Amino acid sequence: MAAPEIDRRDTGRRDTVVVPPLDDAPLAADLPARLAAAAPRVVVLGDAVLDQWLTGPSTRLSREAPVPVVEVDHTRGSPGAAANTAANLAALGARTEFVSVLGDDADAATVRELLTGYGVGTDGVVTDPTRPTAAKRRVLADDALVARFDTTPRTPLDAGVRETVHAALRAAVEGADAVVVCDYGGGVLDESTVALVGSLHAGRDWRLVVDAHDPGRWAPARPDVVTPNAGEAGWLLGRELGGPDRVAAAEAAGPELRARSGAGAVVVTLDRDGALLLPDEQAPTHRTFARPAPESHTCGAGDTFTAALSLALAAGTPAATAVELAQAAADVVVGRPGTSVCATGELAERVAAAEGPLLDAASLAALVDEQRVMGRRVVFTNGCFDVVHRGHIASLNQAKRLGDVLVVALNSDDSVARLKGPERPVNPLADRAAVIGALSCVDHVTTFDADTPVELLELLRPDVYAKGGDYTPEMLREAETVRAYGGHTVILDYLPDRSTTAIVDRIRGSAR
């Protein structure tokens with residue numbers, strides 16, 4: 001498909017807009033729509049729950065016991081657990097099939113109706129009349145949780161039902177782009193299911209994503225990605241993932257987590273601390289930074305995270321971009337009470353909102369001064385960031401981890417043209433700023449028109465000046481400026497075989 005053209009009225013030129021293919025795509029406001037248009041086929045296998053909220057006012061205590069009497073005036077239900085992952089995937093544009101077991105009861109009918117409403121295929125949902133549908137009911141008095149009562153299946157699946165589930169799974173994975181396993185100990189998945197998933201995955205090109213309370217149980221299936229939280233990672237390691245810095249502890253445990261889970265990559269979700277992608281030794285780790293939210297608003301956020309991650313991986317986006325997208329989706333739902341679903345439009349709005357304004361130097365200086373007074377360590381980096389690729393993202397992520405606040409200064413369009421040639425930039429400043437600002441590791445974005453950011457460095461006086469690994473301190477004129485005011489210059493790791501020029505050439509070649 002030829003790349004579209006736009007009319008640049010200020011120059012009179014017609015330029016090709018370079019849109020990176022999904023396998024090189026960074027996080028940007030158009031990415032959710034592009035993924036929905038790709039519509040990968042994703043199968044979700046696992047334990048379904050009906051989440052229900054009974055809400056109403058409370059003005060008195062019960063005579064039977066000192067508990068509030070809630071006059072329930074509203075009941076709301078949502079698909080929970082694996083069913084919530086499936087609903088989120090469908091809302092984000094995936095062609096989603098659900099394989100699970102429900103009882104033969106009113107709660108099962110509600111779950112099926114909810115899933116159908118989201119567009120989830122339920123041909124693989126098996127009915128077992130001997131077991132109730134799992135449910136979690138919460139009673140809220142004036143928005144305060146006062147009680148929760150659960151319905152939990154307590155008997156294992158009989159052999160006939162389990163074989164029906166396996167048959168449904170075999171049929172569902174034909175033509176799949178990804179399979180997501182949600183194993184929360186509900187009895188739907190046993191060791192024979194682990195073996196079946198492993199045999200179906202062997203030699204296939206679909207991605208296997210496992211979200212499980214015990215990720216090690218799925219090691220024989222050789223998942224592509226597992227997504228434990230801090231507690232589940234600790235269970236996998238046989239020790240608590242604690243200490244003063246959970247992020248550092250998780251990063252240090254990366255090789256062990258991969259070995260014990262059998263996974264190609266591990267994504268440890270750390271709630272308020274974001275998430276940490278631990279790929280193999282050939283790729284850098286990548287951290288996201290979460291939007292803080294009260295515990296009462298985090299119900300189901302992990303399901304949304306897993307859904308968005310799986311959608312992006314199924315469509316072929318880089319792992320770091322997929323994790324960034326998953327963090328943005330989780331940030332959408334933690335802004336709401338109860339289990340919730342993130343749709344494509346909402347995710348695009350969240351990414352666009354995260355881009356933030358392109359700050360002028362004076363406004364940025366005032367913000368940096370405030371943050372320095374608060375004791376925060378300021379990191380500064382700069383570049384053209386024309387067509388953003390995973391090398392850029394890895395460098396920015398590493399830069400953020402050198403301090404608390406990351407400022408990115410972009411060369412203006414004229415500056416890029418002087419440095420790179422008259423055909424650059426392929427993306428104008430506003431677009432470049434939007435893409436960089438959408439990354440959770442970036443706090444502020446500004447621009448400069450000179451060939452070097454010396455004037456900005458003298459104005460902002462950041463604690464750390466970070467620069468990509470294709471430079472040395474001796475090559476940087478601005479390193480002397482940083483040294484003069486007492487700052488430090490850090491050369492970031494270099495990720496080879498990643499080049500804006502190579503990406504542009506590839507896209508232009510395919511457009512001919």
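At what angle do the axes of helix H10 and helix H11 cross, and within what distance do they come?

Analyst: The model is predicted, and local features need pLDDT of at least 70, side-chain atom pairs count only at pLDDT 80 or more, while totals for chains, interfaces and linings use all residues. Residues are numbered from 1 along each chain as its sequence is written, and side-chain values use heavy atoms, with hydrogens and water left out.

The axes of H10 (residues 319–333) and H11 (residues 344–355) cross at roughly 105° and come within 9 Å. Axes here are lines fitted to C-alpha atoms, for helices over the stretch in contact, with angles from 0 to 180 degrees between N-to-C directions. Helices (H or I, at least four residues) and strands (E, at least two) are DSSP runs, numbered from the N terminus. H10 is therefore roughly perpendicular to H11; angles of 65 to 115 degrees receive that description, those under 35 count as roughly parallel, those over 145 as roughly antiparallel, and the rest as oblique. On the H10 side the contact (heavy atoms within 4.5 Å) is made by Leu-325, Ala-328, Ala-329, Asp-331 and Val-332, and on the H11 side by Glu-346, Leu-347, Arg-350 and Val-351. These residues divide into six nonpolar, no polar and three charged. In this scheme Ala, Val, Leu, Ile, Met, Phe, Trp, Tyr, Cys and Pro are nonpolar, Asp, Glu, Lys and Arg are charged, and the others, Gly among them, are polar.

The axes of H6 (residues 230–237) and H8 (residues 254–261) come within 9 Å and cross at roughly 75°, which makes H6 roughly perpendicular to H8. Ala-233, Leu-236 and Leu-237 of H6 meet Glu-256, Leu-257, Arg-260 and Ser-261 of H8. The residues of this contact comprise four nonpolar, one polar and two charged.

As to the rings, the structure holds one aromatic pair. The ring centres of Phe-380 and Tyr-465 are 6.0 Å apart and the planes lie at 45°, so the pair is tilted. Rings of Phe, Tyr and Trp (its six-membered ring) pair if their centres lie within 6.5 Å; planes under 30 degrees apart are stacked, over 60 edge-to-face, and the rest tilted. The pair links distant parts of the chain, with Phe-380 in strand S19 (residues 378–383) and Tyr-465 in strand S22 (residues 464–467), 85 residues apart. Phe-380 and Tyr-465 are both buried; buried means under 20% relative accessible area, exposed over 50%, and partly exposed in between (1.4 Å probe, protein chains only).

Charges also lie over ring faces: Arg-76 is 4.5 Å from the ring centre of Trp-53, and Lys-400 is 4.4 Å from that of Phe-289. The criterion is NZ of Lys or CZ of Arg within 6 Å of the ring centre and within 35 degrees of the ring normal.

The backbone features follow. Phe-385, in the loop between S19 and helix H13 (390–400), has a positive phi of about 50° although it is not a glycine. Phe-385 counts as buried because its relative accessibility is 9%. Arg-222, in the loop between strand S13 (207–212) and strand S14 (225–226), has a positive phi of about 55°, and is exposed at 54% relative accessible area. Finally, a cis peptide bond with omega of about 5° joins Arg-424 and Pro-425, the latter found in the loop between helix H14 (413–420) and helix H15 (429–438).
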